[in-house]
Amino acid sequence: MSTDIQNVVRVVLNEPSSLLLSDNVNIVCIVSGTEIAGDFDADNRTQSFTNLTSVGEFFGTTSNEYEYAQTFFGTKPNSVNAGGRLVFGYADALDTDTAATLDSIQASVKCSGFVFIDAPADDEETLARAAYAQANNVLIYETFIDAADLEAQAGNVVYDIQQLGQDRFRMLYDANGDRKMSVSYMARMHSVNFDAANSAITMHLKQLNVLPAAYSQTDIDNAKAVGLDIYTTIGNRPSLLTSGANNYTDTVYNLIAYKNRIQVRVFNTLAGTNTK
């Protein structure tokens, strides 16, 4: 019988520890109140999609959800092109607590950007959405359509949010009244591949998958002052004009991604060092 080689050579290997993955900031959510019993309801808060066809099969091609998804997937590039996905999150019509609704969605799938199909019922709900975004370090996109929203004065909820410095709540304005501007904007913003070099973008002059609107110079100046991004035509080219009054969307988006990556890398360095 031969002698075990460990009598001469003993090898001990430190097995690598399991490590964390960075959050995917390109997973975004459209919040909907349409209930589909057993599939999309208070007990089944989310459904995820990577193409328009599957949205149509699930919600139907005449639904509001399909229209929003059309705008999302028609935006080029979009979040799915950058390794993300589109999530639909269920909002119970009987539950008016914004935080509870979004917490339930986040418990199912962690999303970094949100658009609500339903407009806020009032200023109180708008402020609740803004407060949630700021407290939870996520981006919520809202399109305003009332001319009074362009006024830089106290009592205008847009101006009040800007004055509060709640820059995680991203505010847009569309004179055409198309609230789907939010979902196209979100799709375009959350399309950065942070694993690639020099991949960060700004939203200024980007093109969206909605019709541009006409604005007077006064409207443009007011939008910049109050903190609203607008989509208009410069020459014959549709272009987004951004306001930095409530910070810039790309700055906030990049900081969220950057902070998470630093946290995860430092944690992995500590957790993955077997000899410490």
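These legends describe close-up views of one predicted protein model.

Because the model is predicted, local features need pLDDT of at least 70 and side-chain atom pairs count only at pLDDT 80 or more, while totals for chains, interfaces and linings use all residues. Residues are numbered from 1 along each chain as its sequence is written, and side-chain values use heavy atoms, with hydrogens and water left out.

**View 1. The whole chain.** The protein chain holds eight helices and eight strands. Helices (H or I, at least four residues) and strands (E, at least two) are DSSP runs, numbered from the N terminus. The C-alpha trace spans about 95 × 40 × 35 Å along its principal axes. Of the 276 residues, 46% count as buried. Buried means under 20% relative accessible area, exposed means over 50%, and partly exposed lies in between (1.4 Å probe, protein chains only). The chain exposes about 13800 Å², and carbon and sulfur atoms supply 49% of that area. Accessible areas come from the Shrake-Rupley method with a 1.4 Å probe; for residues, only the protein chains shown count as cover. Contact means heavy atoms within 4.5 Å. Among contacts between residues at least 6 apart in sequence, 72% join residues at least 24 apart.

**View 2. Helices α1 and α2 side by side.** Two packed helices are described by the angle between their axes and the distance between the axes. Helix α1 covers residues 52–59 and helix α2 covers residues 64–74. They pack at an angle of about 175°, with their axes 9 Å apart. That makes α1 roughly antiparallel to α2. Axes are lines fitted to C-alpha atoms, for helices over the stretch in contact, and angles run from 0 to 180 degrees between N-to-C directions. Angles under 35 degrees count as roughly parallel, over 145 as roughly antiparallel, 65 to 115 as roughly perpendicular and the rest as oblique. From α1, the contact uses L52, V55, G56 and F59. From α2, it uses E65, Y66, A69, Q70 and F73. These contact residues divide into six nonpolar, two polar and one charged. Ala, Val, Leu, Ile, Met, Phe, Trp, Tyr, Cys and Pro count as nonpolar, Asp, Glu, Lys and Arg as charged, and the others, Gly among them, as polar.

**View 3. The buried residues of α2.** Which residues of α2 are buried? They are E65, Y66, Y68, A69, T71, F72 and F73. Their cover includes β1, β2 (46–49), α1, β3, β4 (113–116) and α6.

**View 4. The largest nonpolar core.** A nonpolar core is a set of buried Ala, Val, Leu, Ile, Met, Phe, Trp, Tyr and Cys residues joined through side-chain atoms within 4.5 Å. The largest one has 38 residues. V55, F72, L86, F88 and L208 have the most contacts inside it. At least two residues each come from β1 (27–32), α1, α2, β3 (85–90), β5 (139–144), α6 (181–189) and α8 (249–271). The largest share, six residues, comes from α6. Leaving aside residues up to four places away in sequence, V55 touches F49, G60, E65, Y66, A69, F73 and F88. A second, separate core has 33 residues, including I27, L150, V158 and A223.

**View 5. T126 in helix α4.** T126 lies in α4 (residues 123–136). Is T126 buried or exposed? T126 is buried, with a relative accessible area of 3%. Beyond residues up to four places away in sequence, T126 touches P120, F144, V157, I161 and F169.

View 6. In α5, the buried residues are V157, V158, Y159, I161 and Q162. They pack against α4, β5, β6 and α7 (217–226). G165 follows α5 and has a positive phi, near 70°. Q166 sits in the loop between α5 (157–164) and β6 (169–173). Q166 is buried, with a relative accessible area of 13%. Not counting residues up to four places away in sequence, Q166 touches A130, A131, Q134, I161 and N246. Q166 and Y132 are 34 residues apart in sequence, with their C-alpha atoms 9.6 Å apart in space.

View 7. A cis peptide bond joins K76 and P77, with omega about -10°. P77 is in the loop between α2 and β3. N137, in the loop between α4 and β5, is not a glycine but has a positive phi near 55°. N137 is partly exposed, at 26% relative accessible area. L205 is in the loop between α6 and α7. L205 also is not a glycine, and its phi is positive, about 70°. L205 counts as partly exposed, at 37% relative accessibility.
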